[in-house]
Amino acid sequence: MTSIFAIIVAVILIGLIAWWFFGNHGQTSAQATQGAQEQTATVVVKGGYSPETVVLKKGVPAKLNFDMQDHTACLSHVVFSSLGVDKDLTKQKVTTIDIPTDKAGEINFACGMDMFHGKVVVK
């Protein structure tokens with residue numbers, strides 16, 4: 001009886017791990033808010049990034065605000081490797097990063113351990 005219970009628990013755990021890593025988790029996307037001279041967007045850091053994709057308008061100066069609501073070690077930093085940016089998000093509740101919008105394209109970002117990802121799309 002004990003071995004059957006152990007097998008059932010193991011199968012459930014394997015299923016949960018497979019779902020976590022390979023499941024189709026919905027990605028969220030948001031358009032930046034346009035101001036008179038700049039555009040801004042807020043990314044909530046809580047168990048990942050929400051929204052995971054931020055759309056910016058090309059040629060308008062942009063600021064991306066990271067609202068830190070999760071203090072796990074992995075999410076304590078946000079890294080934009082193509083921009084050479086590595087910001088510690090634990091020093092203040094909201095950390096602002098200037099995003100260049102001079103060229104259309106995608107700018108990827110990730111947590112310090114490269115486990116959680118997001119991107120900025122400049123159109």
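Tyr 49, Phe 66, Phe 80 and Phe 109 form one aromatic cluster in this predicted model. Rings of Phe, Tyr and Trp (its six-membered ring) are taken as paired if their centres lie within 6.5 Å, with planes under 30 degrees apart counted as stacked, over 60 as edge-to-face and the rest as tilted. Because the model is predicted, local features need pLDDT of at least 70 and side-chain atom pairs count only at pLDDT 80 or more, while totals for chains, interfaces and linings use all residues. Residues are numbered from 1 along each chain as its sequence is written, and side-chain values use heavy atoms, with hydrogens and water left out.

The structure holds five aromatic pairs. One of them joins Tyr 49 and Phe 66 in an edge-to-face arrangement, at 6.2 Å centre to centre and 80 degrees between the planes. This pair links distant parts of the chain, with Tyr 49 in strand S4 (residues 49-50) and Phe 66 in strand S6 (residues 62-68), 17 residues apart. Strands (E, at least two residues) and helices (H or I, at least four) are DSSP runs, numbered from the N terminus. Both Tyr 49 and Phe 66 are buried, where buried means under 20% relative accessible area, exposed over 50% and partly exposed in between (1.4 Å probe, protein chains only).

Phe 66 also pairs with Phe 80; the ring centres are 6.1 Å apart and the planes stand at 75 degrees, so this pair is edge-to-face. Phe 80 lies in strand S7 (residues 77-80) and Phe 66 in strand S6, so the pair ties together parts that are 14 residues apart in sequence. Phe 66 has 0% relative accessibility, and Phe 80 counts as buried at 0%.

Three salt bridges are present, each defined as a side-chain nitrogen of Lys or Arg within 4 Å of a carboxyl oxygen of Asp or Glu. In one, the closest N and O atoms of Lys 63 and Asp 98 are 2.7 Å apart. Asp 98 belongs to strand S9 (residues 94-99) and Lys 63 to strand S6, 35 residues apart. Lys 63 is partly exposed, at 27% relative accessibility.

Strand S6 also contributes Asp 67, whose side chain meets that of Lys 93 in a salt bridge (2.8 Å, N to O). Lys 93 lies in the loop between strand S8 (85-88) and S9, so the pair ties together parts 26 residues apart in sequence. Lys 93 is exposed at 51%, whereas Asp 67 is buried at 13%.

Lys 119 and Glu 106 form a further salt bridge, with the closest N and O atoms 3.5 Å apart. Lys 119 is in strand S11 (residues 117-122) and Glu 106 in strand S10 (residues 105-111), 13 residues apart. Lys 119 is partly exposed, at 25% relative accessibility, and Glu 106 is exposed, at 51%.
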